[in-house]
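Please read the points below with the model open beside you.

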Amino acid sequence: MLSIAHLTSAHPRRDTRIFVKQCRALARQGYRVTLVVADGLGDERDSGVHITDVGHSPGRLGRMLGSTRRVLQRARQIDADIYHLHDPELIPAGLRLKRLGKIVIFDAHEDLPLQLLGKPYLTPLLRRLLAAACAVAERHACRRFDAIVAATPFIRDKFLRINPNTVDVNNYPLPGEFDADAPWREKGQEVCYVGSLSALRGIGELVEAAHLLQSPARITLAGRFSEVALENALSALPGWQRLNRPGHLDREGVRAVMARALAGLVTLHPEPNYLDALPVKMFEYMAAGIPVIASDIPLWRAIIQNHQCGVCVDPLDPAAIAAAIDYFVRNPQIARRMGRNGRRAILEKYNWPIESEKLIQLYQDMQAAAGQRRLAGSHGT
């Protein structure tokens, strides 16, 4: 039986739905699957997946130095056939595993050099230097890995120039993960944003938009603020009083928020790292059967217009965001129709079962290639 180990040092298991979905899909196919995490929650079994915990290290530096070392140690103990890495800081561990003769796959969730260029806490010069150094290191390592899994077609096309064995496996939702049958008449006059709360994700503009609403709508912000200073500054604005703030929610809580909402917000700023991204929350809103109010980014606009499942706005214009919210509150039948359109698109195209087949095929190809190499080696001797 082929054994596969997914390795992560940066994400607690409760926030890594994509990893768990990948692992569960493999376990259902009969693979022996281990997920190595560093969240301090202990070991457990989840739907046939063995989750093993190496302990939590506080702070970014502690994670990069301590957690990655322990993840590598545990990975070597597992002695899997295939190792699937989910964090850039695990790249050196992946190279070590390659030297041990293991099959190693790197999962590129984001365009890391491009992401560094958008970090507001770095000086412009330091951003460019770090991005350039990261790009060189990334190319060096990823040429040596057996395959690359890209989170979007854009990232796939980038890595195809580095490693021809690259596929995109998009983090689309499971069709049954959200309650798309919530009675529309029971929905409140509210819209929702679910995810990390930061300036670049447009949270400031959402608070300002709340103050400009002409309808009785409220905005539910479900998630944690990335910076206490930002939360303190926004809480002083008049729009703060028009918000619901449930904090960080588990999956049941997220489903409940989306079941009450008339629309979902994904008004991220047009930063370089977002322009070619496929935001998970946009597809989760569609899976929940609610229309999307999204940033007017060409890639997102094409999806939304093609499926008639929402509207696009300038994410830097609070008045435009407020007008879109008011539109859906005042036109619930249009919101309902667009929500159904989005749900249909999920069922037909943007869903995890379709994506999981790509991943399983990649593992099978890796297994077959390794077998051929072993056979050729035995003939050579």
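1. Helices (H or I, at least four residues) and strands (E, at least two) are DSSP runs, numbered from the N terminus. Residues are numbered from 1 along each chain as its sequence is written. The model is predicted, so local features need pLDDT of at least 70 and side-chain atom pairs count only at pLDDT 80 or more, while totals for chains, interfaces and linings use all residues; side-chain values use heavy atoms, without hydrogens or water.

2. The chain contains 15 helices and 14 strands. Its radius of gyration is 22 Å, close to the 21 Å from the globule rule for 381 residues, so the chain is as compact as a globular protein of that length. The radius is taken over C-alpha atoms, and the rule is 2.2 Å times the number of residues to the power 0.38. Along the principal axes, the C-alpha trace spans about 80 × 45 × 40 Å.

3. Of the 381 residues in the chain, 53% are buried. Buried means under 20% relative accessible area, exposed means over 50%, and partly exposed lies in between (1.4 Å probe, protein chains only). Among contacts with a separation of 6 or more, 66% are between residues 24 or more positions apart; a contact means heavy atoms within 4.5 Å.

4. Strand β9 (residues 190–194) is mostly covered, with 5 of its 5 residues buried. Which residues of β9 point one way, and which the other? E190, C192 and V194 point one way, V191 and Y193 point the other way, and all are buried.

5. Strand β9 runs parallel to β10 (residues 218–222), and 5 bridges join the two. Two strands pair if DSSP finds at least two bridges between them. V194 has A222 as its bridge partner in β10.

6. Most residues other than glycine have a negative phi. Where does D79 lie? D79 is in the loop between α2 (60–78) and β5 (82–85). Phi of D79 is near 55°, a positive value in a residue other than glycine. D79 is partly exposed, with a relative accessible area of 47%.

7. Q308 is not a glycine either, and its phi is positive, about 50°. Q308 sits in the loop between α12 (298–307) and β14 (310–313). With a relative accessibility of 44%, Q308 counts as partly exposed.
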